[in-house]
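Biologist: Please show me the model, and then let us go through it in short questions and answers.

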Amino acid sequence: MKAGVIGAGAWGTALAQLLASDDQPVALWALEPDVVDAINGRQENPLYLANIPLSASIRATGAMTDLATCDLLLVVSPAQHLRSVVAHAPAGVPLVLCSKGIEAGTSLLMSEVAQQAQPTSPIAVLSGPTFAHEVAKGLPTAITLACEDRTLGQRLAARIARPSFRPYLSDDVIGAEIGGAVKNVLAIACGVAEGAGLGLNARAALISRGFAEMTRFGLARGARPETLGGLSGLGDLVLTCSSTNSRNFSLGKGLGEGASAADLLANRRTVAEGAFTAPVLRDAARAAGVEMPVVEAVCALLADAAPLGAVIDALLARPLRPE
Ligand SMILES: NC(=O)c1ccc[n+]([C@@H]2O[C@H](COP(=O)([O-])OP(=O)(O)OC[C@H]3O[C@@H](n4cnc5c(N)ncnc54)[C@H](O)[C@@H]3O)[C@@H](O)[C@H]2O)c1
Ligand SMILES: O=P(O)(O)OC[C@H](O)CO
């Protein structure tokens, strides 16, 4: 029984380390040959998960065919690349999707993209408040594991759980995905508030009103309220909106300090998913008739379409309404 992980960024590497914590073999597919060499030669991934000594039972590879003997595949690429990596994965093996986002051009959630790319592979989603460095260090973490097939979900949960890593089962795949995708955009908004010195009241208001937006959009897409209020929704929203450890929050902080989105996004190695999700989410929400003013504001800032002061004033000047 060998688990495979597709994508050796921070989160894929941390998940490989988690699965290898009992010395089980783990195959880790990496895009960059340098990353393959560093993991196999020195048991480290300085490019994406620095200062974490990795287990010797992780074997990195640049060849997707090396995953053919795996009985479980965790997919951990950036959301916009999930379709292409899943298309090259071995067919028929359960896929646990760990990427957070909505596909540009199609507005599809990751489970919908994966089903198109690998129609014979069973699908689950793993999403929640999980900074990669903390999981790699074995710090306590709880997460949602969503799978429509409850028997498979239980099998996957048992396989992934560790003493400090606790999956909670759900059958609401769409709800788990929407929470993870939307919170990244809201984290940018909270980072803006931090960078612009708007204070902690403003942050709490953004988290709370942002959660209302997440809930409206989620319900319109068939998510269940308890999923949105759980680890993969509210839990991840609170984590990501509270710390510069979040790439999305940090991106927003830069915007709030006055940097342009184009400068902040140029030549990035690591992914801030909210920047890609925001315009797709805005368009999907408009098409569904769902109001998402905080998401709209983030889109305006990401497009460098309006000055920060004007965007904040417009949010505050919205008509008064019942909560
Ligand atoms: N880092 C975290 O703490 C964390 C936690 C939970 C979920 N996630 C999610 O996991 C996903 C991956 O994020 P990460 O933090 O591991 O990445 P990262 O920012 O650490 O690294 C970027 C990744 O993108 C890959 N990449 C770049 N171009 C590519 C291409 N053309 N095709 C395929 N892959 C390409 C790189 O190889 C690398 O693995 C994201 O959707 C993110 O939201 C991250
Ligand atoms: O660094 P971020 O903003 O991509 O957040 C990482 C994880 O999604 C937190 O759960």
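Modeller: First, a cut-off: a residue is buried if 20 or more other C-beta atoms lie within 10 Å of its own, with C-beta atoms placed from the backbone. Keep in mind that this is a predicted model.

Biologist: Which residues of α10 are buried?

Modeller: Helix α10 covers residues 231–240 and is mostly covered. Of its 10 residues, 8 are buried. They are Leu-231, Ser-232, Gly-233, Gly-235, Asp-236, Leu-237, Leu-239 and Thr-240.

Biologist: What share of the residues of the protein count as buried?

Modeller: The protein has 15 helices and 8 strands. Its radius of gyration is 19 Å, close to the 20 Å that the globule rule gives for 323 residues, so the protein is as compact as a globular protein of that length. Along its principal axes the C-alpha trace spans about 60 × 40 × 35 Å. Of the 323 residues, the share that counts as buried is 49%.

Biologist: How far apart do the C-alpha centres of domain 1 and domain 2 lie?

Modeller: The domain assignment gives domain 1 as 3–171 and domain 2 as 174–316. Their C-alpha centres lie apart by 24 Å.

Biologist: Which element gives the most to the side of domain 1 that touches domain 2?

Modeller: The contact takes 22 residues from domain 1 and 23 residues from domain 2. On the domain 1 side, the elements that give two or more residues are α4 (110–117), β6 (123–127), β7 (141–146) and β8 (165–170). With 4 residues, the one that gives the most is β7.

Biologist: How many residues on that side of domain 1 are nonpolar, polar and charged?

Modeller: Take the residues of domain 1 that touch domain 2 and sort them by class. They divide into 13 nonpolar, 8 polar and 1 charged.

Biologist: Which residues come nearest to ligand 1?

Modeller: There are 25 residues around ligand 1. They divide into 13 nonpolar, 9 polar and 3 charged. Helix α1 gives the most to this shell, with 3 residues. Those that come nearest are Gly-9, Ala-10, Trp-11, Ala-132 and Thr-270.

Biologist: Is Trp-11 buried or exposed?

Modeller: The UniProt annotation "binding site", from an unreviewed entry, includes Trp-11. Trp-11 sits in helix α1, residues 10–19. It has 26 C-beta neighbours inside 10 Å, and therefore Trp-11 counts as buried.

Biologist: Why does Glu-273 count as buried?

Modeller: Glu-273 is found in helix α13, residues 273–288. Glu-273 counts as buried because its C-beta neighbours inside 10 Å number 24.

Methods. Residues numbered from 1 in each chain as written. Chains lettered and ligands numbered in written order. Predicted model: local features only at pLDDT ≥ 70, side-chain atom pairs only at ≥ 80, totals over all residues. Domains from an automatic or database assignment. Contact = placed C-beta atoms within 7 Å. Nonpolar A, V, L, I, M, F, W, Y, C, P; charged D, E, K, R; others polar. UniProt positions renumbered as here; feature names shortened; annotations may be inferred. Buried ≥ 20, exposed ≤ 12 C-beta atoms within 10 Å, placed from the backbone. Near = placed C-beta within 6 Å. Rg over C-alpha atoms; globule rule 2.2 N^0.38 Å.
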